[in-house]
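Let's walk through this model together, one region at a time. Keep the structure open beside the text and turn to each residue as we reach it.

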Amino acid sequence: MACLLETPIRMSVLSEVTASSRHYVDRLFDPDPQKVLQGVIDMKNAVIGNNKQKANLIVLGAVPRLLYLLQQETSSTELKTECAVVLGSLAMGTENNVKSLLDCHIIPALLQGLLSPDLKFIEACLRCLRTIFTSPVTPEELLYTDATVIPHLMALLSRSRYTQEYICQIFSHCCKGPDHQTILFNHGAVQNIAHLLTSVSYKVRMQALKCFSVLAFENPQVSMTLVNVLVDGELLPQIFVKMLQRDKPIEMQLTSAKCLTYMCRAGAIRTDDNCIVLKTLPCLVRMCSKERLLEERVEGAETLAYLIEPDVELQRIASITDHLIAMLADYFKYPSSVSAITDIKRLDHDLKHAHELRQAAFKLYASLGANDEDIRKKIIETENMMDRIVTGLSESSVKVRLAAVRCLHSLSRSVQQLRTSFQDHAVWKPLMKVLQNAPDEILVVASSMLCNLLLEFSPSKEPILESGAVELLCGLTQSENPALRVNGIWALMNMAFQAEQKIKADILRSLSTEQLFRLLSDSDLNVLMKTLGLLRNLLSTRPHIDKIMSTHGKQIMQAVTLILEGEHNIEVKEQTLCILANIADGTTAKELIMTNDDILQKIKYYMGKDGTAAVPGVMGTPWAPASIPHLC
């Protein structure tokens with residue numbers, strides 16, 4: 001099959017093809033095998049570090065010929081090896097080069113080469129495969145298409161330190177999710193790779209470590225296995241802890257910390273274990289120091305954010321370790337005008353990637369402030385923090401915007417901050433702008449935060465209502481995304497709590513009774529419970545109850561009957577009975593219950609059940625309160 005670059009690239013490159021490039025390709029077709037071999041060797045020397053020459057040779061058709069020679073039984077092992085080396089060199093050029101190689105079906109040819117008995121040829125094929133699979137344009141699934149490939153790669157791990165390095169690197173780049181983890185795990189990845197952590201080769205140790213980090217990520221099965229693996233009499237977590245030590249290379253410290261973090265989050269290591277509290281957490285905090293490279297600071301902060309996210313005690317420990325909260329403020333000042341970076345290339349790189357630092361800082365602040373009020377206060381009091389977060393909401397990078405919204409959402413769980421800092425900085429304005437046009441992943445977090453800003457004690461509630469929030473939230477309840485439906489109805493529930501009649505009428509008009517019925521029939525239990533909570537809040541205060549029931553009574557009573565007759569759990573039916581309790585508190589509305597024999601029979605039935613609510617105004621029980629809004 002012909003291998004072609006995209007047309008604009010092909011035309012620009014063709015104009016620069018030189019006679020010498022054509023000469024290299026022509027020599028591949030010489031009838032003399034020795035001249036072909038010499039031609040491939042010369043081509044190898046010509047393309048090293050020369051992307052222009054690589055592109056020329058690809059356009060001139062060198063790849064199909066090299067692959068043909070590599071697969072020919074009559075080709076010598078030396079020729080096959082040199083062909084694999086040249087192909088690997090071509091792959092180390094641009095992404096378009098890799099695309100051209102993939103179009104020529106290079107991966108099946110190289111995988112076939114791994115069946116050779118010759119070690120040098122196998123290593124050359126693996127080196128080329130490593131280069132191709134680590135390219136962002138290569139689909140990881142190509143490694144798993146043939147079920148015989150993974151077990152064969154496992155068998156090749158014992159051949160040499162180069163096969164170990166390349167295969168581990170391929171695995172770590174191609175393991176993208178639970179399906180891939182399961183395949184590798186079931187083919188003995190843990191047992192085959194564990195002993196490589198004690199290899200004399202640093203590169204082998206590092207690639208094995210990276211393998212374990214991707215295998216353990218969000219995978220309890222792998223993590224539980226790793227925690228009990230012995231290597232030379234030592235448990236794997238102990239080996240990882242040794243690799244965390246300050247005298248080890250930073251890359252090794254970081255990757256070991258990631259392994260222990262993922263095992264902890266998967267439940268294989270307790271959060272109060274010394275290897276987490278005294279080793280992993282301090283190591284990750286060290287990585288946030290301004291002495292570290294940008295990539296190290298980003299990876300350190302993001303891994304630490306993931307480690308402490310669900311655990312209050314780890315959040316408290318991290319917040320007082322090495323002045324972390326203040327240290328993170330430096331992430332927004334990088335690189336400074338007096339930057340210590342003297343390498344121009346490094347400075348240019350860091351300027352292009354400085355947004356990754358801001359993203360990482362927002363993520364870590366969000367985790368730090370997830371639960372503790374004092375930590376939230378320290379974060380907000382950090383210099384210009386609220387201004388930085390507000391600025392982050394309008395950044396061009398979607399990832400930075402998402403991280404900024406998550407940070408703001410975490411801080412919005414503070415009643416005190418909702419009343420003060422959030423009002424002082426008019427946070428609701430940029431938030432409403434974010435909600436107008438954003439990807440679902442941002443909408444989910446932003447709408448969660450809006451739920452908090454709509455609580456009755458929040459000063460932002462009134463201006464948010466005036467800016468068209470009702471229509472926006474009612475629109476969210478129609479989303480295909482369950483999380484957005486939950487947040488939309490949750491925010492409406494908070495909005496309706498102790499609200500004026502006009503606001504309640506606006507909600508009912510914008511939502512429509514048809515949509516209300518759809519929400520009450522939603523398969524997501526959270527949506528149903530929040531919709532019932534909204535109804536309870538709409539049907540509170542006698543005049544409001546009577547007014548709403550006079551216009552929507554028939555539909556609401558139908559909905560109540562539908563739920564009481566359905567197969568719902570006790571919490572759902574209790575909420576529904578509380579709605580009846582509210583209706584019964586109305587002056588005229590209660591007649592809708594008293595004249596409905598079906599409803600009265602259901603009330604009688606549930607009064608005979610243990611642990612369920614009875615209905616006030618009908619059976620003499622106290623009036624059920626509204627559904628009290630709460631932080632999201």
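Aspartate 232 counts as exposed, with a relative accessibility of 68%; here buried means under 20% relative accessible area, exposed means over 50% and partly exposed lies in between, with a 1.4 Å probe and protein chains only. You will find aspartate 232 in the loop between β1 (230-231) and β2 (234-235). Its phi is near 50°, a positive value in a residue other than glycine. Most residues other than glycine have a negative phi. Serine 512 also has a positive phi, near 75°, and sits in the loop between α33 (501-511) and α34 (513-520). At 24% relative accessibility, serine 512 is partly exposed.

A word on what you are looking at: this is a predicted model, in which local features need pLDDT of at least 70 and side-chain atom pairs count only at pLDDT 80 or more, while totals for chains, interfaces and linings use all residues. Residues are numbered from 1 along each chain as its sequence is written, and side-chain values use heavy atoms, with hydrogens and water left out.

Now zoom out. The protein has 39 helices and two strands, where helices (H or I, at least four residues) and strands (E, at least two) are DSSP runs numbered from the N terminus. Its C-alpha atoms fill a box of roughly 105 × 55 × 50 Å along the principal axes, and 55% of the 632 residues count as buried.

Next, look for open space. A pocket is an open set of points on a 1 Å grid where a 1.4 Å probe fits, with protein on both sides within 12 Å along at least five of seven lines; lining residues have an atom within 4 Å of a point. The largest pocket holds about 810 Å³ of space. Its lining has 24 residues, and Lys176, Val214, Lys258, Tyr262 and Glu299 are the closest to its centre. Helix α17 gives the most to this lining, with five residues. By class, the lining of the largest pocket has six nonpolar, nine polar and nine charged residues; Asp, Glu, Lys and Arg count as charged, Ala, Val, Leu, Ile, Met, Phe, Trp, Tyr, Cys and Pro as nonpolar, and the others, Gly among them, as polar.

The second largest pocket has about 370 Å³ of space. Of its 14 lining residues, Glu309, Lys363, Ala366, Ser367 and Arg406 lie nearest its centre.

Finally, turn to the rings. The whole structure has seven aromatic pairs, meaning rings of Phe, Tyr and Trp (its six-membered ring) with centres within 6.5 Å; planes under 30 degrees apart are stacked, over 60 edge-to-face and the rest tilted. The ring centres of phenylalanine 217 and tyrosine 306 are 5.6 Å apart with planes at 45°, so this pair is tilted. Phenylalanine 217 lies in the loop between α14 and α15 (220-226) and tyrosine 306 in helix α19, 89 residues apart. Phenylalanine 217 is partly exposed at 33% relative accessible area, whereas tyrosine 306 is buried at 16%. Together with Tyr262, Phe217 and Tyr306 form one aromatic cluster.

Notes
Grid points are joined across faces, edges and corners, and a volume is the space filled by probe spheres set on the points.
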